[in-house]
Amino acid sequence: MENARLTSLLTVVSSTITLSVMLFITIGSGIAIEYGLISLLALIGWLKFSYKSTPSQTNTLPKYILGIVLIVALNTVRYTADFSQFVYLNYNQWFTESFTLNHMQWFVWMVCLPVSLLLFGGYYLSKRQTVGYFFAWWGFIYFTIESLIQLQVELGNYSSYNHVYYLGLILAMLLFYISVSGILKLIKPKEEEQKIEDYQPLTKKQKNLWSLLLVTFVVVYAVTLYTQAGPLPVGVIVGSMMGGMIGWRKTTSNIPADPYKLVPLYLLLQALFYIHVGEEVLTHFNRGIASISGHPWSDVEFDYVITFLGPIFWVFGAYSLWKRQVFGNFILWFMIVGMILGEPTHFLVFPIVRMVKEGIGYEYFSGMYTALFPMIPAILGLIIIVKDHKKHKKAINNV
């Protein structure tokens, strides 16, 4: 156990130093100082309160996940307010001369990178591993710093910043509350395990009402996506949703998935999938789809639906799954079906359609390099759900 803790400590120290140096060289001193300071404070808190004894994750993980949801929501508002341009124009001295902070660079370094790290951290935290509590400290301190930055931008730049109905201010205050309460949970942890046995199965009427609500959600999403991107992505994403609906009704609508088994895999899936989304942003997935479907899909529409608004719901699904709620169990199934059946389209459908349509060879299509990685936790999650469902049915039949 002591060797495992020492390995975690050395990994954390070496990784944080490497990340800070890389950011300093690539982007500039501003973000390097921010990440370095966050990592230093997180290391101090971790070593003092969470390193030698690993507390329960029950009280920490939900707030940690909600913090990720809020930071994605805050970045959505920042995107609307053209936050990256505002920062670059007003704080240009914090960036290297060779670096230009446009939307793409902002998303990769200041959205995709931290959110992916936080999701990986959630995986380790949900597994109750020692390094997971470093990520918990890092995440809550990161949320605190980002909320304070947003408060300064909102309140200190009344006329020069696009406030977007002050949604950024509201989200910053919520994020600050979550981060401070999360830090207090880490300082004074309570050993209260989540009770997963006290659950009343949905009645047939409840299941049907939830199904109607979820189908309505799917239809609204499908219509929105169709008007933006045409039928091709709708077939993949909405097909995954309907497949998830069937899987949910057959299994986890009866007995919710075990959060201790499935939440870690779901968070790992989300981390790998968000990295995949980052590749799609860098390589303009929407333009690739538009070229083979003949239906234009603008960068702005793609950014809102896929990189910002979608992840708010997907990550919230982890919180709901931890709480054994219907929404989380449906989203779990949707993501499993989507990763197993939807992501291979980057290899088996999109480039082949382009071959036929444009008369070219089999070539790289946007998102291809990272498409299959989220399939691994999705397949493992599917196996666990099926096994637990069979075990539950067998127990009922033996009664």
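The structure holds 33 aromatic pairs. Keep in mind as you explore that this is a predicted model. A pair of aromatic rings is described by the distance of the centres and the angle of the planes.

Let us begin with Tyr 260 and Trp 322, whose rings form an edge-to-face pair, with 5.2 Å from centre to centre and 70 degrees between the planes. Where do the two partners sit? Tyr 260 belongs to helix H10 (residues 259-282) and Trp 322 to helix H12, so this pair ties together parts that are 62 residues apart in sequence. Is Trp 322 buried or exposed? Trp 322 has a relative accessibility of 1%, so it counts as buried. Tyr 260, at 27% relative accessibility, counts as partly exposed.

Another pair joins Tyr 364 and Tyr 369, and this one is tilted: the centres are 4.5 Å apart and the planes make an angle of 40 degrees. Tyr 364 is partly exposed, with a relative accessible area of 27%. Tyr 369 has a relative accessible area of 62%, which means that it is exposed, since the cut-off for exposed is over 50%.

Rings also gather in a group. One aromatic cluster is formed by Tyr 79, Phe 83, Trp 106, Phe 107, Tyr 274, Tyr 304 and Phe 308. Elsewhere, Lys 48 places its charged end over the ring of Phe 49, at 5.5 Å from the centre.

Now for the helices. Two packed helices are described by the angle between their axes and the distance between the axes.

| Helices | Axes come within | Crossing angle |
|---|---|---|
| H3 (residues 61-80) and H12 (residues 299-322) | 9 Å | roughly 165 degrees |
| H5 (residues 103-126) and H12 | 13 Å | roughly 15 degrees |

How do H3 and H12 run relative to each other, parallel or antiparallel? Angles over 145 degrees count as roughly antiparallel, and H3 and H12 are therefore roughly antiparallel to each other. Their crossing is left-handed. The residues of the contact of H3 with H12 comprise 20 nonpolar, three polar and two charged ones.

H5 and H12, by contrast, are roughly parallel to each other, because angles under 35 degrees count that way. H5 passes H12 in a crossing that is left-handed.

Methods
Residues numbered from 1 in each chain as written. Predicted model: local features only at pLDDT ≥ 70, side-chain atom pairs only at ≥ 80, totals over all residues. Heavy atoms only, no water. Axes fitted to C-alpha atoms, helices over the stretch in contact; angles between N-to-C directions. Helix = DSSP H or I, 4+ residues; strand = E, 2+ residues; numbered from the N terminus. Parallel < 35°, antiparallel > 145°, perpendicular 65-115°, else oblique. Left-handed = near helix turned anticlockwise from the far one by under 90°. Nonpolar A, V, L, I, M, F, W, Y, C, P; charged D, E, K, R; others polar. Phe/Tyr/Trp six-rings, centres within 6.5 Å; stacked < 30°, edge-to-face > 60°. Buried < 20%, exposed > 50% of the residue type's maximum accessible area, 1.4 Å probe, protein only. Lys NZ or Arg CZ within 6 Å of the ring centre and 35° of its normal.
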